[in-house]
Amino acid sequence: MSGDIRILIVDDDPSVRDSLGRWFRDEGCEVDVAGSAKEALRKLGEASWDVFLLDIRMPGMDGLELQQHIIEAQPDATIIVMTAYASVDTAVRAMRQGAHDYITKPFDPDAVERLARAAVERRRLWRENEQLRRAVAELEPAGEIVGESPAMKEARKWIDAAASGDAPVLIVGERGTGKEAVARAIHGRSGRRYMPFVTLGTVLGGAELEAEMMGVEQGPGGRARRRGKFELADGGTLFIDSVTGLGARAQEDLLRALEDRAICRVDGDRRIPVDVRPIAAAEREPGEGGLRRDLLERLSVVPIRLPPLRERREDIALLGEHFLRRFGRQMNRAFSGFSEGALRVLAARDWPGNVRELEIPIERAVLLRVGGGIEESDL
């Protein structure tokens, strides 16, 4: 198999844990073991696993109950249930709860290998299908950047340029102007559209942000490794929200990763190649006191500036119709549009929350009406 395959074996019998663990390690897998459901849940909270081998009969929480907790925490979990008590009822119950397969003790090594390989392949296909589903979902709004104002026409020129290439992008705009929507549009129309779109927030600081960005190889108390946002975005796009919120250490790590096209996990020294396109967003121009100059230059190869809604009032009606169609489709309702009074209400506001704020009354109006036209009173 492969060292990239991570297996957690849960059994209260040490001989079973040792023999299976040794066998899978010899096959090149990364293996950890747990002697109880409680210990397994703790390990599940620390890391993710490709395959779970669960004993059904354990003191305290049994394997079937543990299986439910695993699926809740990791919906793509691939689970093989083990038991010395061959029972059709138990097997059916395990499969109905989401188990991939069911084996009885004593084990046939060849059968265990076949099951493990099939489980890994199932997980790979699940991930590919989920990635494709997300990509298709992202493509629906990707081609539509709403607005005919001069400012939006200028922004669209840069958006089209960014979508046709692979250069880093810096999107500047007030809160609610649609920076993430533009980033998703660029990704969804680029050559990376079938690969992941991953968002990195900058609310966390210090060591937590470093671990979130770069991942963890080995933490305090033997904490299991986990992949960071750079690895998760490999082949796709990393959207860095509020990039000006990065501290000095995080900026240095980000710049090095972009220049080297590789990262090192926290507490690790192994260089991991990553192919990531960065799209960063900021609410204001990252000038003095914001980003370090070399990082700013690296990120702003394609600069896109999104105007606030108060500077593009001619787009309000277009955006209103856009949201009316979108929410109508979501709620399976047909609307003829806005009355003149409703349009006057929309045009009269300053919308300090910008496009995001404009969505709210329209979604509420669609929710309260079953169809027809949107009137002033609906807003």
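Angles under 35 degrees count as roughly parallel, over 145 as roughly antiparallel, 65 to 115 as roughly perpendicular, and the rest as oblique. Keep that handy for the tour.

**Before you start**

You are looking at a predicted model, where local features need pLDDT of at least 70, side-chain atom pairs count only at pLDDT 80 or more, and totals for chains, interfaces and linings use all residues. Residues are numbered from 1 along each chain as its sequence is written, and side-chain values use heavy atoms, with hydrogens and water left out.

**Stop 1: the whole protein**

Show everything as a cartoon. There are 14 helices and 16 strands; these are DSSP runs numbered from the N terminus, with helices being H or I of at least four residues and strands E of at least two. Of the 379 residues, 46% are buried (under 20% relative accessible area; exposed is over 50%, partly exposed in between, with a 1.4 Å probe and protein chains only).

**Stop 2**

Two strands pair if DSSP finds at least two bridges between them.

Click F239 and you will find its bridge partner, I279, in strand 13.

**Stop 2: a helix across the sheet**

**Stop 3: two packed helices**

Which angle do helix 12 and helix 14 make where they pack? Select residues 316–330 and residues 354–368: the angle is about 50°, and the axes are 9 Å apart. The two helices are therefore oblique to each other.

Show side chains next. Residues of helix 12 including F323 and L324 meet residues of helix 14, among them L358 and I362; contact means heavy atoms within 4.5 Å.

**Stop 4: under cover**

Finish with helix 14, whose buried residues include V355, L358, P361 and A365. Among the elements covering the buried residues of helix 14 are helix 12, strand 15 (335–338), helix 13 (340–348) and strand 16 (372–374).

Conventions:
Axes fitted to C-alpha atoms, helices over the stretch in contact; angles between N-to-C directions.
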